[in-house]
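Have a look at the model first, and then we can go through it together.

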Amino acid sequence: MVEGFVSGEVYLAAVRTFPQEEGTILYFILKFRIISDIDALSAYFNSIGIGKGDSVTIFLPNVVHAFTTFYSLNKIGVIANIVHPLTSPEGLKESMDLTDTKAIFILDILSAKYVDSLNKFDIPVIICSNSDY
């Protein structure tokens, strides 16, 4: 970690330092698309009132959405409550209660199993799909 930088800034600095590189990340998605998505997601969080010190649950497997969500939260100082996607509905609810989560990201193929738990919260539920990328 570079002192004075948050992790998303380190990634952005590397992209700016080596723009000529044909580097891709995560399933051959262009790094500039990732940066654009991180910025857009950060703006979305701000637009719905989620900001520094708040908590958002990332309930995703190792997919592109997990990466972009984590870095967008990091960019604006929001706490990323990362929960393993095989956690039981009761365990997810407990984690969300403990962290006072303000929103959750969940993969579409997992959402049906957790719909009852998520309906108990009055928060945005962002359903992600691998076909988005």
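## Helices α2 and α3

The helices α2 and α3 cross in a right-handed manner; that hand applies when the near helix is turned clockwise from the far one by less than a right angle, with anticlockwise being left-handed. Helices here are DSSP runs of H or I with at least four residues, strands are runs of E with at least two, and both are numbered from the N terminus. The two axes come within 8 Å, at roughly 55 degrees, where axes are lines fitted to C-alpha atoms over the stretch in contact and angles run from 0 to 180 degrees between N-to-C directions. The pair is therefore oblique (under 35 degrees is roughly parallel, over 145 roughly antiparallel, 65 to 115 roughly perpendicular, and the rest oblique).

Contact means heavy atoms within 4.5 Å. On the α2 side the residues include Ile 34, Asp 37 and Leu 41, and they meet α3 residues including Phe 67, Thr 68 and Thr 69. By class, this contact has 9 nonpolar, 5 polar and 3 charged residues (Ala, Val, Leu, Ile, Met, Phe, Trp, Tyr, Cys and Pro are nonpolar; Asp, Glu, Lys and Arg charged; the others, Gly among them, polar).

## The largest pocket

The largest pocket holds about 150 Å³ of space. Its lining includes Arg 33, Asp 37, Leu 41, Thr 68, Thr 69 and Cys 128, and α2, α3 and β6 each supply at least two lining residues. A pocket is an open set of points on a 1 Å grid where a 1.4 Å probe fits, with protein on both sides within 12 Å along at least five of seven lines; lining residues have an atom within 4 Å of a point.

## Notes on the model

This is a predicted model, with pLDDT of at least 70 needed for local features and 80 or more for side-chain atom pairs, while totals for chains, interfaces and linings use all residues. Residues are numbered from 1 along each chain, and side-chain values use heavy atoms, leaving out hydrogens and water.

How values were computed. Points joined across faces, edges and corners; volume = space filled by probe spheres on them.
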